[in-house]
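Reader: Hello! Could you take a close look at one part of this model with me?

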Amino acid sequence: MFSENQWIKIKAPATVANMVCGFDILGFAVNSPYDEMEMRWMTRAENEPSITIINIDNYNLPTDPEKNVAGAALLAFLEEYEEKQNSSSSSKIKFEVKINKLIKPGSGVGSSAASAAGAVVGANYLVGNIFSKDDLVRFAMNGEKLASGVKHADNIAPCIFGGVTLVRSIFPLEIIALPSPTLHVTIVHPQIEVRTSDARSILRQQVLLKDAIKQWGNIAGLVAGLMKSDYDLIGRSLEDVIIEPVRSILIPGFDALKLACKQAGALGGGISGSGPSIFMLSKTEEIAKAVEKEMHELYAGMNLPHHTYVTTINQKGVEIVADFI
Ligand code: HSE
């Protein structure tokens, strides 16, 4: 168990969920942007709250643990922690969490997942790493449920495991870490807000068999491409015939942007998570930067404020970067 009252500092990466064809099952972590958090544990007296959240950014997110994604994840963590300890009230603990969100909420690159995953990885470190990564994903999914109404792990899993992950099943949870060749990632975040709950509510609940067959082929092709380091296969498999046609109408200039990025040499890409960010994968940094230029030009031409990131796949997931002693 880490020393009581002593702060640790945590870095929680942004993530790109779905990876185009793998709605709710595929995702990867990126090296930039990331959230910064600080955490400590203390002994909890009877009637004291078990979680205190302090926002040190300007997003004004709720601090009530039941309404905050990090809080919801930590409540699930503490429930199992206390069961595991079979603790009496005298040995109960509480967490204090400071959150500096550098991943803008609602941007489509796993902002809520970073808070939830960062909080439970930090809590686990503080109590002596007694839970497995799969357990931490389970706890953190409570944050996603709060944010989007549904438990899904395609942001949480890569945030905690790093790299590319496949969520083969949620109940029971089965996460498979996938290898990947070097991939450069370009992300553009047009400054509009798309709520995940809205982007989910517009989806059709039925899928045509012919579309499902195409999608299965692409998911299997993408996984095979990653495992074989076959860039062309990865590129061909980055196609979504089910979700993207519905969601892309929420994102200005989506089709033109995708076409311009591919013409600049990107392997492919699409909506990051539920949007509005769009990501593209490239074989080299030079191409990833040329793709960024296309994104700038297109959105500047539309007078649409935007941010871009040129980054790589983060292989570490949430990290404890400092112990403040
Ligand atoms: N798989 C999720 C979705 C990711 O696309 O709705 C967003 O949180």
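Predicted model: local features only at pLDDT ≥ 70, side-chain atom pairs only at ≥ 80, totals over all residues.

Author: Cys 261 has a relative accessible area of 0%, so it is buried. Cys 159 also counts as buried, because its relative accessibility is 0%. Cys 261 takes part in no disulfide: the nearest cysteine sulfur belongs to Cys 21 and is 18 Å away. A search of the whole structure likewise turns up zero disulfides.

Now to the cores. The largest nonpolar core has 74 residues, and those touching the most other members are Phe 28, Met 39, Phe 77, Phe 95, Val 137 and Ile 160. Helix α2 supplies the largest share of this core, nine residues. Because domain 1 (7–179 + 314–324) and domain 2 (184–312) both contribute residues, this core lies between them. Apart from it there is another core, of 13 residues, and Cys 261 is one of its members, along with Phe 254, Ile 271 and Ile 278. In soluble globular proteins, nonpolar side chains tend to be buried together.

After α2 comes Gly 128, with a positive phi near 95 degrees.

Finally, Met 39 has contacts that include Ala 119, Gly 122, Ala 123 and Leu 126, as well as Phe 95, Trp 7 and Leu 74, leaving aside residues up to four places away in sequence.

Technical notes
Residues numbered from 1 in each chain as written. Heavy atoms only, no water. Helix = DSSP H or I, 4+ residues; strand = E, 2+ residues; numbered from the N terminus. Disulfide = S-S within 2.5 Å. Buried < 20%, exposed > 50% of the residue type's maximum accessible area, 1.4 Å probe, protein only. Core = buried A, V, L, I, M, F, W, Y, C linked by side-chain atoms within 4.5 Å. Domains from an automatic or database assignment. Contact = heavy atoms within 4.5 Å.
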